[in-house]
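Please read it alongside the sequence and the coordinates.

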Amino acid sequence: MRTNRKIWILGLCLAAASAGASNIDDYCPAAVSRFEQVLAHSGMEATIETAMLVLSNPGSTKEEKYWALPLIGCSENERYASNLIAALADPDWDVRGGAIIAMRYMRSESTFSSLIDIVTDEAEDEKIRQIGTGVLSQIGGENVDVAWAIAGAAQDTSQNSGVRFNHVFSLGRLTSPQSVIELNAFLDDRDANVGAAAAVALAKHGVRKSIPYLVQAIMSPTTAYWMKMKAVRELERLANRDFEFADLGRPLVKEQYDAAQAEVCEWYEANKQEFVQ
């Protein structure tokens, strides 16, 4: 990768870390400012060296480590992979989350394997597993092991339903045929939003079998409104029809919503033999 490209990515990484500062209990502007100044005046290598010093210093704050880790990942130098893996053992979950985010950029065999281990570890903090599945969904592509790992995490019902929803969402971002197979297992999930997420993901893959489940998500009183609207978008795309839900970004008045639901039901009853196996 060209040096100027790396510098651009490092700057982008700093901006992304700043945007995600709500994950940090005590946001420290000085921490990111330090890296920004080094990047601007001394370049990429000096920035990475500074990040390594921060990571190795016992006196560094969790905020400083949080910003240092993605910068080390952006180096794409596998000699630093062990530093990222070591950070996964940090007692602070923010730092561990920063290490996982960094692995998105490093993409070495060892860090990839560590991400799989994090996601499949049922004893791991559910927030950390969620960050892990999110990163794997961005770099996993057609890797079958990634699909299995994320699906396994989503099947762990001891987790918060919102966390499981995010796992299924991450599974749907993969491009492997295996991910489509795994998504089918969640269509009848006990949590309506998890099932809806699986249906929407399958619809995005062009799977028409998802249509009955999209209709179910739209009609269910327990599906979140914003999830219903995602289901509507995908149903309209697959059916090549506008069901008159109007502005999907704004809650509809009850009469308008009821009329749109009725139109969905009418269309589905007339065509369901095409989709029900």
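Leaving aside neighbours within four places in sequence, isoleucine 128 is in contact with Trp93, Arg96, Gly97, Ile100 and Ile118. This residue belongs to helix α8, and in the predicted model isoleucine 128 counts as buried because its relative accessibility is 0%, which is under the 20% cut-off. Isoleucine 128 and aspartate 94 are separated by 34 residues in sequence, yet their C-alpha atoms are 8.8 Å apart in space.

The crossing in which α7 passes α8 is left-handed.

Two further helix pairs can be described in the same terms, because a packed pair is characterised by the angle between the axes and the distance between them.

| Helix pair | Angle between axes | Axis distance |
|---|---|---|
| α10 and α12 | about 10 degrees | 9 Å |
| α12 and α13 | roughly 140 degrees | within 9 Å |

Helix α10 (residues 161-173) and helix α12 (residues 192-204) pack at an angle of about 10 degrees, and α10 is therefore roughly parallel to α12. On the α10 side the contact is formed by Ser161, Arg164, Phe165, Val168 and Gly172, and on the α12 side by Asn193, Val194, Ala197, Ala198 and Ala201. Six nonpolar, three polar and one charged residues make up this contact of α10 with α12.

Helix α12 also packs against α13, where the axes come within 9 Å and cross at roughly 140 degrees, so that α12 is oblique to α13. The crossing of α12 and α13 is left-handed, and it brings Ala196, Ala199, Val200 and Ala203 of α12 into contact with Tyr213, Leu214 and Ala217 of α13. The contact of α12 with α13 has seven nonpolar residues, with no polar and no charged ones.

Which residues of α13 are buried? In this helix, which covers residues 211-219, they are Ile211, Pro212, Leu214, Val215, Ala217 and Ile218. The elements that cover these buried residues of α13 include α12, α14 and α15.

Glutamine 261 is placed in helix α15. Is glutamine 261 buried or exposed? With a relative accessible area of 13%, glutamine 261 is buried, because that value falls under the 20% cut-off. Apart from neighbours within four places in sequence, glutamine 261 is in contact with Ile218, Met219, Lys228 and Phe245, and Ile218 is itself one of the buried residues of α13.

Most residues other than glycine have a negative phi. Arginine 107, although not a glycine, has a positive phi of about 55 degrees; arginine 107 is found in the loop between α6 (93-106) and α7, and it counts as exposed because its relative accessibility is 53%, over the 50% cut-off. Asparagine 240, likewise not a glycine, has a positive phi of about 55 degrees and lies in the loop between α14 (225-239) and α15 (254-271). Asparagine 240 is exposed, its relative accessible area being 72%.

For the chain as a whole, the secondary structure comes to 15 helices and zero strands. The protein chain has 277 residues, of which 51% count as buried, and its accessible surface comes to about 13400 Å², with 49% of that area belonging to carbon and sulfur atoms. Among the contacts in the chain with a separation of 6 or more, 61% are accounted for by residues 24 or more positions apart.

How values were computed:
Residues numbered from 1 in each chain as written. Predicted model: local features only at pLDDT ≥ 70, side-chain atom pairs only at ≥ 80, totals over all residues. Heavy atoms only, no water. Left-handed = near helix turned anticlockwise from the far one by under 90°. Helix = DSSP H or I, 4+ residues; strand = E, 2+ residues; numbered from the N terminus. Buried < 20%, exposed > 50% of the residue type's maximum accessible area, 1.4 Å probe, protein only. Contact = heavy atoms within 4.5 Å. Areas by Shrake-Rupley, 256 points an atom, 1.4 Å probe, with all protein chains shown as cover. Axes fitted to C-alpha atoms, helices over the stretch in contact; angles between N-to-C directions. Parallel < 35°, antiparallel > 145°, perpendicular 65-115°, else oblique. Nonpolar A, V, L, I, M, F, W, Y, C, P; charged D, E, K, R; others polar.
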